[in-house]
Amino acid sequence: MKTSRIPGFYNMSVEDRRQLLKKMQVFSGEKANDFFSEEPLSLDTADNMIENVVGTFPLPLGLGLNFLINDKEYIVPMAIEEPSVVASASHIAKIVREAGGFQTEATDRVMIGQIQVVGCDDMDIAKQALLKAKDTIIEAANSAYPSLVARGGGAEDMDVRVLNEASDSNYTKMLVVHIYVNTCDAMGANIVNTMVESLAPKVEDLTGGKVYLRILSNLPDRCLARARCVIPPALLADKTFSGEEVRDGVVLAYEFADSDPYRAVTHNKGTMNGIDPVVIATGNDWRAVEAGAHAYAAKDGHYSSMTSWSVDEKGNLVGELELPMSVGTVGGSINVHPMSKFALDILDVTSAQELAQVIVAVGLAQNLGALKALVTEGIQKGHMALHSRSVAIAAGATGEMIDMISKQMIDAKDIRVGKAQQLVEAYKR
Ligand code: MEV
């Protein structure tokens, strides 16, 4: 059985890591050499993906290790430029696996398409007309995308709201139709947009109004994924801090974020540090996931923490995260970008629901990694130690110089490009 515990992976060369992965058969291997080439996304493919292409923009792809989620092992591909994120996720995943791993679940993948209707003579009569025709509207939506219905998905529900009902301005009073669509394993933006665009004439007929916007909502609150972990404090202790101190610090950090948007946004950025790299590596739309996650963090009327941390009756630290997760395992750039196919292969998920669950587990781990560092030694020590390598490279260090100069800067507690340049010059002399 595949394991995500690979002790010493951190210390291996890139080539040795690749060989080990091949040996462990963590991916199917047919095209491994293409994925491991210097330019896995060819210019031809890139030129077919967007406009005005002049090159590609690679990011480091690391592997989050040690993840045990619902008793299944996951090696998690993460595409990110920020040092310490992958290490921190793997560190927390190791602690959580010792406590039994993450427990996750996901709802059906129901996305929302919105249709904006203005200029109806009577908004309530228009609303009733739409609600009366609900079944035929849903049928019409499905006839715009029969292949989705054949895969077991499709439009399944509808509701209608009147916005700014009391207003007498023609610009503010409007009717909004929501079409709820189970998009199966696709993220679903194209599916939903096709459906709502096709419905516009019918909606105009039924309401006597004029349709303007017909577009997916990036707040898919019927497409949720949840992760939970329960950690005995002993697993949180380090050389300087007791497990209880770390646990209490994490809960206090959560309460801070939950009460103050200035802190919440940074706390949540730490959670998204885990989420975005997996979303990116698997070829998904990270702007959509970001937008939905932050909006969901304000669902109770004020912007607050995405995660929650508390202490249970046994004194364990309990972490929870629930987010809308509009990711897919098919469609869009996932089928086009060779690295996303590779990442999904390594991750070994069989559905978009499963991918969504892995992503929220990584987000929860990442948030705890940041909080654990913040309530103990602070993030700068670990962060700057890793960052020192980038600083050395920025100053012109190459090969063995990188490690040497990075260590000299750490020892001197002076991690700056200026310092690194001095050391590079001294090395060359
Ligand atoms: C840095 O990328 C993320 C943190 O700021 C998150 C946090 O403060 O919780 C460390």
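These are my notebook entries on what I looked up in this predicted model.

**Ground rules**

I number residues from 1 along each chain as its sequence is written, and I leave out hydrogens and water, using heavy atoms for side-chain values. Since the model is predicted, local features need pLDDT of at least 70 and side-chain atom pairs count only at pLDDT 80 or more, while totals for chains, interfaces and linings use all residues.

**Entry: the aromatic pair**

I searched the whole structure for aromatic pairs and got one. For the rings of Phe, Tyr and Trp (its six-membered ring), a pair needs centres within 6.5 Å; planes under 30 degrees apart count as stacked, over 60 as edge-to-face and the rest as tilted. The pair is F67 with F102, and it is stacked because the ring centres are 5.9 Å apart and the planes sit at 20°. The two come from distant parts of the chain, 35 residues apart: F67 is in strand β1 (residues 61–69), and F102 is in the loop between α4 (85–98) and β3 (103–106). My helices (H or I, at least four residues) and strands (E, at least two) are DSSP runs, numbered from the N terminus.

F67 has 0% relative accessibility, so it is buried. F102 is buried too, at 1%.

**Entry: salt bridges**

Next I looked for salt bridges, meaning a side-chain nitrogen of Lys or Arg within 4 Å of a carboxyl oxygen of Asp or Glu. The whole structure has 13.

I looked at E320 and R228, whose closest N and O atoms are 3.1 Å apart. E320 is in strand β10 (residues 317–324) and R228 is in strand β8 (residues 224–231), so this bridge ties together parts that are 92 residues apart in sequence. Both ends are partly exposed: E320 has a relative accessible area of 34%, and R228 has 36%.

Then I checked D411 and K407, which meet at 2.9 Å, N to O. They are four residues apart in helix α15 (residues 400–411), which means about one helical turn separates them. I jotted down the background: an α-helix has 3.6 residues a turn, so residues three or four places apart point the same way. D411 is exposed, at 53% relative accessibility.

R416 and D414 also form a salt bridge, at 2.7 Å from N to O. R416 is partly exposed, with a relative accessible area of 43%. I also noted a network: E105, R226 and E322 are joined by salt bridges that share partners.

**Entry: surface patches**

What makes up the negative surface patch? I found D121, D122, D124 and E165 there. My patches take residues with over 30% relative accessible area and no salt bridge, joining like charges within 9 Å and nonpolar side chains (Val, Leu, Ile, Met, Phe, Trp, Tyr) within 5 Å. Asp and Glu count as negative and Lys and Arg as positive, with His and the chain ends not counted. I placed each charge at NZ of Lys, CZ of Arg, CG of Asp or CD of Glu. D121 belongs to the loop between β4 (110–118) and α5 (123–132), and its 83% relative accessibility makes it exposed.

There is also a nonpolar patch of about 240 Å², made by M49, I50 and V336. The areas come from the Shrake-Rupley method with a 1.4 Å probe; for residues, only the protein chains shown count as cover. M49 is in helix α3 (residues 43–49) and is partly exposed at 32%.

How many residues of α12 (residues 338–347) are buried? I got eight of its ten, so the helix is mostly covered. Among them are P338, F342 and L347.

D348 comes after α12. D348 has a positive phi of about 60° although it is not a glycine. The residue lies in the loop between α12 and α13 (352–375) and is partly exposed at 39%.

K413 is another non-glycine with a positive phi, near 50°. Where is K413 found? I located K413 in the loop between α15 and α16 (417–428), and K413 is exposed, with a relative accessible area of 77%.

I finished with E98, which is in helix α4 and is exposed at 52%. E98 and A140 are 42 residues apart in sequence, and their C-alpha atoms are 51 Å apart in space.

Terms used: Buried means under 20% relative accessible area, exposed over 50%, partly exposed in between (1.4 Å probe, protein chains only).
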